[in-house]
Amino acid sequence: MKKISILGSTGSIGTQTLDVVRKNPDKFKVVAISANSSVDLLLEQIIEFKPKYVAVYDEASTKNLKERIPSHINIEVLSGMEGLKTISSLDEIDVLLTAIVGMIGLVPTLCAIRNGKAIALANKETLVTAGKLVMGEAKKYNVDILPVDSEHSAIFQCLNGEKNKNIDKIILTASGGPFRGKSKEELLNVTKNEALKHPNWSMGRKISIDSSTLMNKGLEVIEAKWLFDVDYKDIDVVVHPQSIIHSMVQFNDSSIIAQMGCPDMRLPIQYALTYPDRMLNDFERLDFAKFSKFTFEKPDLETFPCLKLAFDCLKMGGTYCTVLNAANEVLVNEFLEDKIGFYDIPYYIEKTLQAHNSIEDPTLEEILEVDRWAREYVKKSIK
Ligand code: NAD
Ligand code: MG
């Protein structure tokens, strides 16, 4: 029985994780769940999964939840960052599944690593903002970081069994998002509702906007660099609109291995929880006869400058990726509130990067300080 704690159980990845648990009650037990403020859904999850702990980040929502939990249910209700840290490092858990959105997941994830917990990582912002630090700690505490992001799960599966990896390059596939094939002129005035319509995946709002700007792929390039310890020059992005090949690895003898399947996040979630085993499920099987064509194209870096900015930050190193992530989190939020336009996102990220004095090998405190600075700088610039 694998005992799981979930950061962000009410979101897209969180609820799909609970679906995997629901179908396999003999294999998985949810010990703790958490969310920012979605009290209604947390209450339903408490009644169904009977976790021993729930953590709610928002204080008013914590109070609200406490008042509504039926008296016959025995559960410890925690609050704030302390609550997230506590449920990430419980003695009784085997794995922390990080389905929280944003770099707010960094501190609880480090807490889990330092307590020897395996990490099933969906929360890519944590590796973007502090990849070197997180991977260093994982090595020190001998902890597995198992990817949940579909591309990284694909690469992880392609590498299975290869002892001395012999990687020539990693080929990350991208769907191209809802605006693939459009020009900059056509996208100048797009609205958030157009940006939120992803062709192949249904996801949370932040990652949906990131997919429309191709920042999601940029964040994934950075995530891949840290997870698989490769040089940025050895990571290629190729647009594959069908989203059937989830990513590939080319080895030094020119052989390429790809991982494929119907787009369903429950597969990489399940694999991160059962690795190194595989487990029978009832997910849709791919019917090749339905796909007469697999197509591939180069990403359009002029129309989607965010992807180029992410490569630039990796190349420059230091704390540039921390700034890229922080500025992007603020700007995506502003775009979702109709306060800025689509191209203001790359514009203000670039402006913030230019104003930044990077730190080589930052400590956690320095990363948190750079993150704070970047958020403030962006907010001031917009005004
Ligand atoms: P979402 O917006 O649907 O859910 C986010 C979850 O985080 C919610 O449960 C929310 O309550 C919780 N949360 C947010 N702020 C919090 C806080 N301060 N304290 C505690 N909980 C907080 O997002 P999502 O689409 O599920 O994405 C989650 C993460 O997984 C992101 O990092 C995303 O990039 C990554 N990811 C998502 C998908 C996908 O298909 N949705 C695929 C790959 C990777
Ligand atoms: Mg992905």
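This is a predicted model: local features need pLDDT of at least 70, side-chain atom pairs count only at pLDDT 80 or more; totals for chains, interfaces and linings use all residues.
# From a loop to the core

Let's start with K50, which counts as partly exposed because it has 13 other C-beta atoms within 10 Å. The scale behind that label runs like this: 20 or more other C-beta atoms within 10 Å of a residue's own make it buried, 12 or fewer make it exposed, and anything in between is partly exposed, with C-beta atoms placed from the backbone. Residues are numbered from 1 along each chain as its sequence is written, and chains are lettered from A and ligands numbered from 1 in the order in which they are written.

Back to K50: you'll find K50 in the loop between α2 (39-49) and β3 (53-56). (Helices are DSSP runs of H or I with at least four residues, strands are runs of E with at least two, and both are numbered from the N terminus.) The phi of K50 is near 50°, a positive value in a residue other than glycine. D338 also has a positive phi without being glycine, near 60°. D338 sits in the loop between α14 and α15 (344-355), and it counts as exposed because it has 9 C-beta neighbours inside 10 Å. One more backbone detail: a cis peptide bond, with omega about 5°, joins Y275 and P276. P276 is in the loop between α12 (266-274) and α13 (305-316).

Now zoom out. The chain is assigned domain 1 (2-143), domain 2 (149-264 + 283-313) and domain 3 (317-383); bounds like these come from an automatic or database domain assignment. Take domain 1 and domain 3: their C-alpha centres lie 26 Å apart. Eight residues from domain 1 and eight residues from domain 3 make up the contact between them, where two residues are in contact if their C-beta atoms, placed from the backbone, lie within 7 Å. On the domain 1 side, the largest share, five residues, comes from α6. That side has five nonpolar, two polar and one charged residues. (Ala, Val, Leu, Ile, Met, Phe, Trp, Tyr, Cys and Pro count as nonpolar, Asp, Glu, Lys and Arg as charged, and the others, Gly among them, as polar.)

So what sits around ligand 1? There are 29 residues around it, and G8, G11, Y57, M203 and G204 come nearest; a residue is near a molecule if its C-beta atom, placed from the backbone, lies within 6 Å of it. The elements giving two or more residues to this shell are α1 (12-23), β2 (28-35), α6 (124-140) and α10 (205-213). Domain 1 and domain 2 each supply at least three residues to the shell. Sorted by class, the shell has 13 nonpolar, eleven polar and five charged residues.

Next come three residues from a record. An unreviewed UniProt entry gives D149, E151 and E220 the feature "binding site"; its positions are in the numbering used here, feature names are shortened, and annotations may be inferred rather than shown by experiment. These residues are spread over 72 residues of sequence, yet they cluster in space, with a largest C-alpha distance of 8.4 Å. D149 lies in the loop between β7 (145-147) and α7 (150-159), while E220 is in helix α11 (residues 215-228). Are they buried or exposed? D149 counts as buried because it has 27 C-beta neighbours inside 10 Å, and E220 is buried because it has 28 other C-beta atoms within 10 Å. Leaving out residues up to four places away in sequence, D149 touches A122, K124, E220 and E223. By that rule, E220 touches K124, D149, E151 and L172.

Finally, head for the interior. In soluble globular proteins, nonpolar side chains tend to be buried together. Here the largest nonpolar core has 103 residues, and I119 and L324 are among those with the most contacts inside it. (A nonpolar core is a set of buried Ala, Val, Leu, Ile, Met, Phe, Trp, Tyr and Cys residues joined through C-beta atoms within 7 Å.) Helix α14 (residues 320-336) gives the largest share of this core, ten residues. Leaving aside neighbours within four places in sequence, the contacts of I119 include T109, A112 and I113. Just after α5, G116 takes a positive phi of about 75°.
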